[in-house]
Amino acid sequence: MQDHDYQPWLERMIQGDSDAFRRIYELTKDDVYRLLVFLLNDREDAGDVLSEVYLNLHRSLPSYRPEQPFRKWLNGIAVRQASSWKRKLWRRMRLFERVSVTTIEGPQGRLPAEERAIAREERRELLTLVDRLPYKLKEVVVLRHYREYSLEEIAETLGIPVGTVKSRHHSAIGKLRQWIGQDTFLEEAAFHAD
Amino acid sequence: MRIEENMKVAYREAAAKLAVPTLADRKAKAAIDRMLEARPRRSSILRRRSTQWAIAGSLALLIMGFTTQYFVKIGDDRFSLEMTVNDQIRFDERTADIVRDQLQTVRSQLAVGEKALVYSQEIESLLPDYRSKGLFYAEYASNPYLFKDYGEWKERLARLVPELALPDAEKNRLVFVDGKDEAAYGGSVFEAETVKRLQAEVTEQGKALAWEKIEREEERLPAYTTSYRDAGGHELAFSVQLSGEKIKLVGLTQAQQEKIRLSDGREALYSLNDKFLYADSNRYASLSWIDTQEEASVLYTVGSSSDAVTKEQLIAVAESALSQQAIVKPAA
């Protein structure tokens, strides 16, 4: 959905119309939920944070500036809420690092359909690797490659300098490359052992 | 580079499979319902704590949903006035005449002190795209009590407005006409439900004119207007609008806007509107500035619908008010 799809409801919501608020929720909930899942790597947590995002949206409405793109503004609230949730989890010692085992198969003897399926699997595994990144790096990756934000937009959303965004992004990509290289190396080693 | 491209595709593929699970959806909706139902009980507390949005006068409304051409803002994070220039207002002088007559018709049926919201086909035609977007807009009409004694009025204002600034009437050769407890023209509209009803009466039931009296326990944005005539007999309105809350006034206008700096360094907004609904001249020139006091923010506006009143004259009146205030105010 584009921002102009929300505008009529948005104005009514700002004027205090409860039905418009519910409509905005319906129009945006899946989009917000996806972002939360990618940030938190846990569907249950994302579901819990979802309601907090909208309660926060309601509280923050007075600070919304009409020249701001609404979707980006809402994303900012979701990112901050996810970050706050992470901090809470950490405090409660409920944060368990989820390290997934990744395997990348060799390229020999594959049919096109099978190749496509494997490529899909590889991409899925790539997201699993993203989940292994420290949260600060991961939120930059999610905003850059899922939301396709520019570095400047990420800086604005996270309230950090563009230089910090650049270095976090560089560091994240470096780690991913390193992990993929290691996995490939281990896989090759396993083939030789066989 | 391949990693980055792969990530984009991976996210797209993963996102396509994700939707809010029923349980989480139900939980979020319940939380939203609880919050929305609890809101009226907490409204007075919220009003004091949070920034409010209000619809400024003179064909003013919240601006979302329309193409913004440019945006002028004065003020700070506690009180700001934002005017958005927009070409969606379909102003024509004939329609404006009719709307003024309609407002006068309603006004004549109001007892002193009463106020009402008004809607009609003509009012709708001023903003043809408005209702189709499901938005609220109505005109405001009132019959305020008019204070005729300048001394009494000044004393009253001094009690109501912190660090009140009034023009130097002698220096600017101004003669007091009257004072009233509201903005110079129009008024802020907060009653969304009433507006919805009036819109429905006109657009669904085919009424030519729909209006409804409104009552407000307290004015969210108390405003006081002092009317003067200058040496040439031209009217000049000097308004103060108060807010003890964080507030953002947003208006939509076709006026030419210009930000200027007054002699004490503060920003002021000069506005020249030749499509002004509320004056027979269809014109209104005004100068607004904000005075942020400890207990309240005060929006000052001096304006005139007469084309004989120049921008320089408005600035001179504003400067004289500021210098009067400086005399009264103890040095910091």
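**Group meeting: a predicted two-chain model**

In chain B, 38% of the 332 residues count as buried. Staying with chain B, its secondary structure consists of 7 helices and 14 strands. If we take the contacts in chain B between residues at least 6 apart in sequence, 70% of them join residues at least 24 apart.

Now chain A. Here there are 8 helices and 0 strands, so the pattern along the sequence reads α-α-α-α-α-α-α-α. Chain A has 194 residues, and buried ones make up 35% of them. For contacts in chain A with a separation of 6 or more, residues 24 or more positions apart account for 59%.

Next, the cores. The largest nonpolar core has 58 residues. Those with the most contacts inside it are B:Leu117, B:Val118, B:Ala138, B:Leu198, B:Leu236 and B:Ala318. Take B:Ala138 and leave aside its neighbours within four places in sequence: B:Ala138 is then in contact with B:Leu117, B:Val118, B:Tyr119, B:Val189, B:Val195 and B:Leu198.

On to one helix pair in chain A. Helix H2 covers residues 18-40 and helix H3 covers residues 43-60. Their axes come within 9 Å and cross at roughly 135 degrees, which means that H2(A) is oblique to H3(A). The crossing of H2(A) past H3(A) is right-handed.

Which residues of H2(A) meet H3(A)? They are A:Phe21, A:Tyr25, A:Lys29, A:Val32, A:Tyr33, A:Leu36, A:Val37 and A:Leu40. On the H3(A) side, the residues are A:Arg43, A:Asp45, A:Ala46, A:Val49, A:Leu50, A:Val53, A:Tyr54 and A:His58. By type, the residues of this contact between H2(A) and H3(A) come to 12 nonpolar, 1 polar and 3 charged.

Last, two backbone angles. A:Glu148 has phi near 60 degrees, a positive value in a residue other than glycine. A:Glu148 sits in the loop between helix H6 (135-146) and helix H7 (151-158) of chain A. Is A:Glu148 buried or exposed? It counts as exposed, because it has 11 C-beta neighbours inside 10 Å.

In chain B, the phi of B:Asn282 is near 55 degrees, again positive in a residue other than glycine. B:Asn282 is in the loop between strand E12 (267-273) and strand E13 (284-292) of chain B. B:Asn282 has 18 C-beta neighbours inside 10 Å and therefore counts as partly exposed.

Notes
Residues numbered from 1 in each chain as written. Chains lettered and ligands numbered in written order. Predicted model: local features only at pLDDT ≥ 70, side-chain atom pairs only at ≥ 80, totals over all residues. Axes fitted to C-alpha atoms, helices over the stretch in contact; angles between N-to-C directions. Helix = DSSP H or I, 4+ residues; strand = E, 2+ residues; numbered from the N terminus. Parallel < 35°, antiparallel > 145°, perpendicular 65-115°, else oblique. Left-handed = near helix turned anticlockwise from the far one by under 90°. Contact = placed C-beta atoms within 7 Å. Nonpolar A, V, L, I, M, F, W, Y, C, P; charged D, E, K, R; others polar. Core = buried A, V, L, I, M, F, W, Y, C linked by C-beta atoms within 7 Å. Buried ≥ 20, exposed ≤ 12 C-beta atoms within 10 Å, placed from the backbone.
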